[in-house]
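Have the sequence and the model open while you read.

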Amino acid sequence: MENTIDYASYDRIRPIRWTGDTLDLLDQRKLPFSVEYVPCQTSGAVAVAMRDGPEAGLARIDALDPGGALEGYHLYHAARADLLRRLERPEAAAAAYRVALAHATNPVERRFLERRVAEVSGLRERAPRAD
């Protein structure tokens with residue numbers, strides 16, 4: 001039986017990466033078929049995402065903003081959207097990505113969010129990304 005997994009490529013995958021605003025954790029449950037990261041803004045969210053998965057992470061994120069103070073913070077909506085995407089709730093994920101996009105000003109972040117909206121809306125084939 002031939003081994004089709006390129007193990008050398010895993011040397012380039014970082015289990016944890018800092019993006020400036022969030023700590024992203026590699027979702028090791030998706031390996032070796034997909035390289036995906038879970039964004040976490042607080043140490044509590046990091047712990048929950050690592051231990052309990054996206055549904056618990058979504059509940060934790062929702063609990064962060066009961067009064068709507070984070071409504072204009074694009075990363076709050078982007079984190080919610082990503083967890084909704086992981087929970088295979090594409091309509092809710094697309095709506096949350098659109099809210100994040102409406103508040104994002106950085107062109108690189110905007111392009112990323114636009115790709116995610118297209119992805120969860122079924123407008124293009126999903127291609128695994130290492131970033």
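Five helices and three strands make up the secondary structure of the chain, where helices (H or I, at least four residues) and strands (E, at least two) are DSSP runs numbered from the N terminus. Along the sequence they follow the pattern β-β-β-α-α-α-α-α. This is a predicted model, so local features need pLDDT of at least 70 and side-chain atom pairs count only at pLDDT 80 or more, while totals for chains, interfaces and linings use all residues. Residues are numbered from 1 along each chain as its sequence is written, and side-chain values use heavy atoms, with hydrogens and water left out.

Buried residues (under 20% relative accessible area, with over 50% being exposed and partly exposed in between; 1.4 Å probe, protein chains only) make up 38% of the 131 residues. Of the contacts (heavy atoms within 4.5 Å) with a separation of 6 or more, 37% link residues 24 or more positions apart.

**Helix pairs**

Helix α3 (residues 74-86) packs against α2 (residues 54-64) and also against α4. The axes are lines fitted to C-alpha atoms over the stretch in contact, and angles run from 0 to 180 degrees between N-to-C directions.

| Pair | Axes come within | Crossing angle |
|---|---|---|
| α2 and α3 | 9 Å | roughly 155° |
| α3 and α4 | 8 Å | roughly 160° |

Angles over 145 degrees count as roughly antiparallel (under 35 is roughly parallel, 65 to 115 roughly perpendicular and the rest oblique). So α2 and α3 are roughly antiparallel to each other, and α3 is roughly antiparallel to α4.

The crossing of α3 and α4 is left-handed, meaning that the near helix is turned anticlockwise from the far one by less than a right angle (clockwise would be right-handed). On the α3 side, the contact uses His74, His77, Ala78, Arg80, Ala81, Asp82, Leu84 and Arg85; α4 brings Ala92, Ala93, Ala96, Tyr97, Val99, Ala100 and His103. By class that's nine nonpolar, three polar and three charged residues, counting Ala, Val, Leu, Ile, Met, Phe, Trp, Tyr, Cys and Pro as nonpolar, Asp, Glu, Lys and Arg as charged, and the others, Gly among them, as polar.

α2 passes α3 in a left-handed crossing too. Here Pro54, Gly57, Leu58, Ile61 and Asp62 of α2 meet Tyr76, Ala79, Arg80, Leu83, Leu84 and Arg86 of α3. The tally is seven nonpolar, one polar and three charged residues.

**Two histidines in α3**

Is His74 buried or exposed? His74, found in helix α3, counts as buried because its relative accessibility is 13%. Beyond its neighbours within four places in sequence, His74 is in contact with Ala100, His103, Ala104 and Glu109.

His77 is also in helix α3, and it is buried at a relative accessible area of 6%. With residues up to four places away left out, His77 touches Leu70, Glu71, Ala96, Val99, Ala100 and His103. His77 and Val99 sit 22 residues apart in sequence and 6.5 Å apart in space, C-alpha to C-alpha.

In soluble globular proteins, nonpolar side chains tend to be buried together. Leaving out residues up to four places away in sequence, Ala93 touches Ala81, Leu84, Arg85 and Val120.
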